[in-house]
Amino acid sequence: MKTLIIYSSTDGQTHKIAEAIATAIQTNMQSAVVALLPLAQAESQDLAQYDKIMIGASIRYGHFNKALEPYINRHADLLNSKMTAFYAVNLTARKADKNTPQTNVYTRKFLQRIQWRPTQSAVFAGALRYPRYGFFDRFMIRLIMKITDGETNTTKEIEYTDWQKVAAFAQAFVES
């Protein structure tokens with residue numbers, strides 16, 4: 001069983017989640033071959049050679065990577081013919097009422113706009129890495145966090161990702 005996980009990551013958390021999913025797939029399916037590929041390199045990949053395809057993408061300032069939607073729509077027919085999954089990563093998902101594809105407004109609107117209908121989808125909370133951000137991002141993310149009652153201490157790094165939820169998502173993907 002060949003699986004491809006394509007990811008679009010701004011600060012690395014979406015990539016970290018993709019790696020955890022790949023490990024879980026390989027652990028639960030001994031014969032599984034899992035490839036990880038950044039979205040920027042995905043265009044050169046022949047998607048038809050994979051049995052299952054997963055795409056993960058982060059949201060920054062309310063938007064996915066600009067290349068994501070055109071890429072998905074170019075490959076929608078093939079994606080719709082296979083077992084597929086999509087996961088979104090964002091800080092809004094740290095809140096219990098915004099951590100599903102139905103309750104996370106960014107993910108819900110994105111899934112409605114695209115031509116691909118993933119077999120399964122999920123939303124995971126990301127990580128807040130203030131010390132790693134440049135001045136502008138630190139300032140803007142702190143402002144957004146203040147407005148949304150989040151952490152505003154710019155010396156902190158907080159990983160909000162629920163790794164049990166990630167593992168359950170990977171397990172469901174293996175079993176489907």
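## Close-up views of a predicted model

View 1. Glu157, by contrast, is partly exposed, with a relative accessibility of 34%. The side chains of these residues, Glu157 and Arg129, form a salt bridge with an N to O distance of 3.5 Å. Since Glu157 belongs to strand β7 (residues 157-159) and Arg129 to strand β6 (residues 127-129), the pair ties together parts that are 28 residues apart in sequence. Both residues also take part in a network of salt bridges that links Lys16, Arg129, Arg132, Glu157 and Glu159. The model, it should be kept in mind, is a predicted one.

**View 2. The salt bridge between Asp137 and Arg60.** In this pair the closest N and O atoms of Asp137 and Arg60 are 3.4 Å apart. Asp137 is partly exposed at 24% relative accessibility, while Arg60, with a relative accessible area of 18%, is buried.

**View 3. The salt bridge between Glu151 and Lys156.** The side chains of Glu151 and Lys156 meet at 3.5 Å, taken from N to O, and Lys156 is partly exposed, with 36% relative accessibility. In the model as a whole, the count comes to nine salt bridges.

View 4. Thr107 has its place in helix α5, which covers residues 105-113, and is buried, its relative accessible area being 0%. Leaving aside residues up to four places away in sequence, Thr107 touches Ile59, Phe64, Phe86, Ala88, Asn90, Pro101 and Val123. The side chain of Thr107 is also joined to that of Asn104 by a polar contact of 3.1 Å. Tyr87 is 20 residues from Thr107 along the chain, and the C-alpha atoms of the two are separated by 8.6 Å.

**View 5. Tyr61 and a nonpolar surface patch.** Tyr61 is placed in the loop between β3 (52-58) and α3 (68-74) and is partly exposed, with a relative accessible area of 34%. Together with Phe135, Phe136, Phe139, Leu143, Ile144 and Ile147, Tyr61 makes a nonpolar surface patch of about 760 Å².

Technical notes:
Residues numbered from 1 in each chain as written. Predicted model: local features only at pLDDT ≥ 70, side-chain atom pairs only at ≥ 80, totals over all residues. Heavy atoms only, no water. Helix = DSSP H or I, 4+ residues; strand = E, 2+ residues; numbered from the N terminus. Buried < 20%, exposed > 50% of the residue type's maximum accessible area, 1.4 Å probe, protein only. Contact = heavy atoms within 4.5 Å. Polar contact = N/O pair within 3.5 Å; in protein donor to acceptor, adjacent residues only side chain to side chain. Patch = residues over 30% accessible without salt bridge, like charges linked within 9 Å, V, L, I, M, F, W, Y side chains within 5 Å. Areas by Shrake-Rupley, 256 points an atom, 1.4 Å probe, with all protein chains shown as cover. Salt bridge = Lys/Arg side-chain N within 4 Å of Asp/Glu carboxyl O.
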